[in-house]
Structure formats: structure tokens, C-alpha cells
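Here is a note for a colleague who is new to reading structures. Please keep the sequence and the 3D view open while going through the points.

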Amino acid sequence: DNIVLLFQPPYCPELNPIERLWQHLKKDLRWALFQNLSQLQNKVDGLIADLTTETVASVTGFSFIVNALSVAGIF
């Protein structure tokens, strides 16, 4: 009941909210050197754990998604 399908054009990563979230997360990973994959994973885990609802909403809140959710009565 709480799932709304929003169809996007195929092969359009700039419209995919997760791509914008990864772009936001990668800002803190630039120029960082990790000795192994575990260090990188721990850093990414920490960045994800530190995300707030407001940050995720501001990064992924495309107007067409917000409008669709508001029309559906979800947002």
C-alpha cells in the first residue's frame, strides 16, 4: 500500500535519486587513500550511518518525485 511506482526513461542515471546520493557520498571519499577494501567499506558505512533524513531528502528530492508523492498523498 505504501509503494508508488515512478517510471523513468531507460538509461537516464541523472534522474535516478541513488546516483545523486552516491555523488553526495563521494565528496567525502575524494583524495582518500585506503589500504584495503575493508577500510573503504567502513568509511562508506560510516557516511551512510551519518546521513539524516533531511540530507537524503535534499539530495534525492527531485521536484517530479516530490510532486508525484504529494499527488499520491504520501508526502
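What percentage of the 75 residues of the protein count as buried?

1. The answer is 16% of the 75 residues. Buried means under 20% relative accessible area, exposed means over 50%, and partly exposed is in between (1.4 Å probe, protein chains only). The model is predicted: local features need pLDDT of at least 70, side-chain atom pairs count only at pLDDT 80 or more, and totals for chains, interfaces and linings use all residues. Residues are numbered from 1 along each chain as its sequence is written, and side-chain values use heavy atoms, with hydrogens and water left out.

2. The protein has four helices and zero strands, and its elements run α-α-α-α from the N terminus on. Its radius of gyration is 15 Å, well over the 11 Å that the globule rule gives for 75 residues, so the protein is more spread out than a compact globule. The radius is taken over C-alpha atoms, and the rule is 2.2 Å times the number of residues to the power 0.38. Along the principal axes, the C-alpha trace spans about 45 × 25 × 20 Å. Helices (H or I, at least four residues) and strands (E, at least two) are DSSP runs, numbered from the N terminus.

3. The protein exposes about 6200 Å², and carbon and sulfur atoms supply 57% of this area. Accessible areas come from the Shrake-Rupley method with a 1.4 Å probe; for residues, only the protein chains shown count as cover. Among contacts with a separation of 6 or more, 56% come from residues 24 or more positions apart. Contact here means heavy atoms within 4.5 Å.

4. The UniProt record, an unreviewed entry, carries the annotation "domain: Tc1-like transposase DDE" for residues 1-41. UniProt positions are given in the numbering used here, feature names are shortened, and annotations may be inferred rather than shown by experiment. Over residues 1-41 the chain is 37% helix and 0% strand. The end C-alpha atoms of this stretch are 34 Å apart.

5. Which residues make up the largest nonpolar core? There are seven: Leu 21, Leu 25, Leu 29, Val 44, Leu 47, Leu 51 and Val 59. A nonpolar core is a set of buried Ala, Val, Leu, Ile, Met, Phe, Trp, Tyr and Cys residues joined through side-chain atoms within 4.5 Å. Helix 1 (17-26) and helix 2 are the elements that give two or more residues to this core.

6. Leu 47, a member of that core, sits in helix 2 (residues 37-49). With a relative accessible area of 11%, Leu 47 is buried. Leaving aside neighbours within four places in sequence, Leu 47 is in contact with Leu 25, Asp 28 and Leu 29. Phe 7 is 40 residues from Leu 47 in sequence, and the two are 29 Å apart in space, C-alpha to C-alpha.

7. Val 59 also belongs to the core. With neighbours within four places in sequence left aside, Val 59 is in contact with Arg 20, Leu 21 and His 24. Gln 23 lies in helix 1 and is partly exposed, at a relative accessible area of 48%.

8. Is Thr 60 buried or exposed? Thr 60 is buried, with a relative accessible area of 16%, and it lies in helix 3 (residues 53-60). Its side chain reaches the backbone oxygen of Val 56 at 2.6 Å. Leaving aside neighbours within four places in sequence, Thr 60 is in contact with Pro 17, Leu 21 and Ile 65. Thr 55 is also placed in helix 3, but counts as partly exposed at 24% relative accessibility.

9. The loop between helix 1 and helix 2 holds Trp 31. Trp 31 is exposed, with a relative accessible area of 86%, and its phi is near 65°, a positive value in a residue other than glycine. Most residues other than glycine have a negative phi. Ala 32 is found in the loop between helix 1 and helix 2 and is partly exposed, with a relative accessible area of 33%.

How values were computed: Polar contact = N/O pair within 3.5 Å; in protein donor to acceptor, adjacent residues only side chain to side chain.
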